[in-house]
Amino acid sequence: MELEIKELSKNYGDTIALAKLSLKLHEGIYGILGPNGAGKSTLMNLLTDNLQRTSGQILLDGKEVLSMGREYRLKLGYMPQQQGFYEMLSASEFLRYIGSLKGIAKKRLNDQIENILQKVNLYEHRDEEIGSFSGGMRQRVLLAQALLGEPRILILDEPTAGLDPRERINIRNMIAEISGDKIILVATHVVSDIECIANEILLMKGGKLVRIGSPSELIMSVHGKVGEISCSKSELFALQEHYRTGNTFQRKDGIFFRIVGDNLPEEALPVNENLTLEEVYLYYLGV
């Protein structure tokens, strides 16, 4: 299976939300990483045909998805960043409602709902009203509805937004478990959401694709671009005003913080080991 994006653009008047994006996607997990306004959600909405493109093509195995219509939509699962719920519906009732909108046959739908609720760890809560669910449980309901119909392409927009660290890990693990033979796109601005599960990461900024590569390739690309400085607390804030700074560490011999950039200060000690995707994010996408 191949999903090809060719010169895809979206403009709002003179504002460019997505600028001539081109790439080819195959089975695997793709993390789409970028700050707010990078074009992540625009790309998601174009891929799901919730937004009319300005120009370009989206091809599934060589076919333009606009001409495929329902055939394409049946292959697609979409988890929006936010979705309104009917608070009085139970998890099972909500999935049954969404499944009927997708046109899934009743017998097949009932079997899928049971399997999916088990997969997202909501089976024991299947008859409880969604209005009583925590934020993490609601996100799992959104993931569950995206899985209805056994889609081959899964598009997840900020799937861990607003969740505590434990729920973030749960959602991340679920995404990895269901990947199988699917193309999965996960849009986020949180590095930890995708650093351990993504086969490839797309770095986006200002509506443009800045770089794409595997996590290890991206980390290698900032080799020699990261340094570490020891300083006092009073010095720390002044240094942060002048440099693109990453993680700060409190160690027994003082405070250390990392600087990312092409021109590091002379006092910065080069960091060539234990580089992370956070340094990659700062180097390519930081202000």
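In the predicted model, the 33 positive and 38 negative charges of the protein chain have mean positions that lie 5 Å apart. Among the 287 residues of the protein chain, 49% count as buried.

With regard to overall dimensions, a box of roughly 70 × 45 × 35 Å, taken along the principal axes, is filled by the C-alpha atoms of the protein chain. The secondary structure comprises 10 helices and 14 strands. When contacts with a separation of 6 or more are considered, 68% of those in the protein chain are accounted for by residues 24 or more positions apart.

One part of this architecture is an open sheet of four strands, in which the pairing is antiparallel and the order is β2-β1-β4-β5. Strand β1 (residues 3-12) runs antiparallel to β2 and is joined to β2 by seven bridges. Within this pair of strands, Leu-8 stands opposite Leu-21 in β2.

The sheet is also in contact with a helix. Helix α1 (residues 40-47) packs on the sheet and touches β1, β2 and β4 (55-60). The direction of helix α1 makes about 115° with that of β1.

Notes. Residues numbered from 1 in each chain as written. Predicted model: local features only at pLDDT ≥ 70, side-chain atom pairs only at ≥ 80, totals over all residues. Heavy atoms only, no water. Pairing = 2+ DSSP bridges. Helix = DSSP H or I, 4+ residues; strand = E, 2+ residues; numbered from the N terminus. Contact = heavy atoms within 4.5 Å. Axes fitted to C-alpha atoms, helices over the stretch in contact; angles between N-to-C directions. Buried < 20%, exposed > 50% of the residue type's maximum accessible area, 1.4 Å probe, protein only. Lys, Arg positive; Asp, Glu negative; His and termini not counted. Charge placed at Lys NZ, Arg CZ, Asp CG, Glu CD.
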